[in-house]
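Me: I am new to this structure. Please pick one part and take me through it closely, then show how it sits in the whole.

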Amino acid sequence: MQSFDPQHIKGYHAHVYYNSPAEREIAARIREAVEDQFDVEMGRWRDEPVGPHPAPMYQIAFAPELLPQLLPWLMSVSASLSILVHARTGQSDLLDHTAGAVWLGPQLELNTAFFGDEIGRTA
């Protein structure tokens, strides 16, 4: 089993995915609301898959102490969207996006080949 020390968590990312114009509208409403209600750093819209992410998305970066409030809020507004919430440890991007992650809505298959030789180092 792959694992990491939770004491290494420096923050979190939430990736809000969308595939259609209707889903992008839902994602836009979530984006506007999260910016209004929480102290977060918003990433730019990525209308094409990028890195390990298999669908268009944007990222929400936030501090560890915000997780207990933000995670339930995201659960309540996610609708039919897929949202990946993962730890940022600075130790392993692969582990952060897999062992250190939870999915809201349908789980998507990440392109873990993007992490390259990191796969061999964490096995």
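Reply: Start with one term: a residue is buried if its relative accessible area is under 20%, exposed if over 50%, and partly exposed in between, using a 1.4 Å probe and protein chains only. The model is a predicted one, in which local features need pLDDT of at least 70, side-chain atom pairs count only at pLDDT 80 or more, and totals for chains, interfaces and linings use all residues. Residues are numbered from 1 along each chain as its sequence is written, and side-chain values use heavy atoms, with hydrogens and water left out.

First, the confidence. pLDDT is the predictor's confidence in each residue, from 0 to 100. Its mean over the protein is 91, and 93% of the residues reach 70 or more. Residues 119–123 fall below 50; beyond near neighbours in sequence, that stretch has eight contacts in the model. A contact means heavy atoms within 4.5 Å. Where pLDDT is low, the predicted coordinates should not be read in detail.

Now the outline. The protein has four helices and five strands. These are DSSP runs numbered from the N terminus: helices are H or I with at least four residues, strands are E with at least two. Along the sequence they follow the pattern β-α-β-β-α-β-α-β-α. The radius of gyration is 14 Å, close to the 14 Å that the globule rule gives for 123 residues, so the protein is as compact as a globular protein of that length. That radius is taken over C-alpha atoms, and the rule is 2.2 Å times the number of residues to the power 0.38. The C-alpha trace spans about 40 × 30 × 20 Å along its principal axes. Of the 123 residues, 44% count as buried.

The part to look at is strand E1, residues 11–17. Where does E1 sit in the sheet order? The sheet is open, has five strands and runs E2-E3-E1-E4-E5, with antiparallel pairing. Strands E2 (41–42) and E5 (101–104) are the edges, each pairing on one side only. Two strands pair if DSSP finds at least two bridges between them. Strands of a sheet pair through backbone hydrogen bonds, either parallel or antiparallel.

How many residues of E1 are buried? Seven of its seven are. Gly11, His13, His15 and Tyr17 point one way from the strand. Tyr12, Ala14 and Val16 point the other way.

E1 has a partner strand in E3: six bridges join the two, which run antiparallel. In E3, the bridge partner of His13 is Ala61. E1 also pairs with E4, again in the antiparallel sense, over six bridges. There His15 stands opposite Leu84, and Ala14 stands opposite Val85.

Zoom in on His13, which lies in E1. His13 is buried, with a relative accessible area of 15%. Its side chain makes a polar contact with the side chain of Gln59, at 3.3 Å. A polar contact is a pair of N or O atoms within 3.5 Å; within protein, one must be able to donate a hydrogen and the other to accept it, and residues adjacent in sequence count only if both atoms are side-chain atoms. Leaving out residues up to four places away in sequence, His13 touches Gln59, Ile60, Ala61, Phe62, Leu84, Val85, His86 and Arg88.

Strand E4 (83–88) is mostly covered, with five of its six residues buried. Four bridges join E4 to E5, and these strands run antiparallel. Val85 has Val102 as its bridge partner in E5.

Axes here are lines fitted to C-alpha atoms, for helices over the stretch in contact, and angles run from 0 to 180 degrees between N-to-C directions.

Ser82 lies between helix H2 (67–77) and E4. Ser82 counts as buried, at 7% relative accessibility. Ser82 and Val16 are 66 residues apart in sequence and 6.4 Å apart in space, C-alpha to C-alpha. Beyond four places in sequence, Ser82 touches residues including His15, Val16 and Tyr17. The Ser82 side chain reaches the backbone oxygen of Pro106 at 2.5 Å. Ala79 lies in that loop too, between H2 and E4. Ala79, though, is exposed, with a relative accessible area of 57%.
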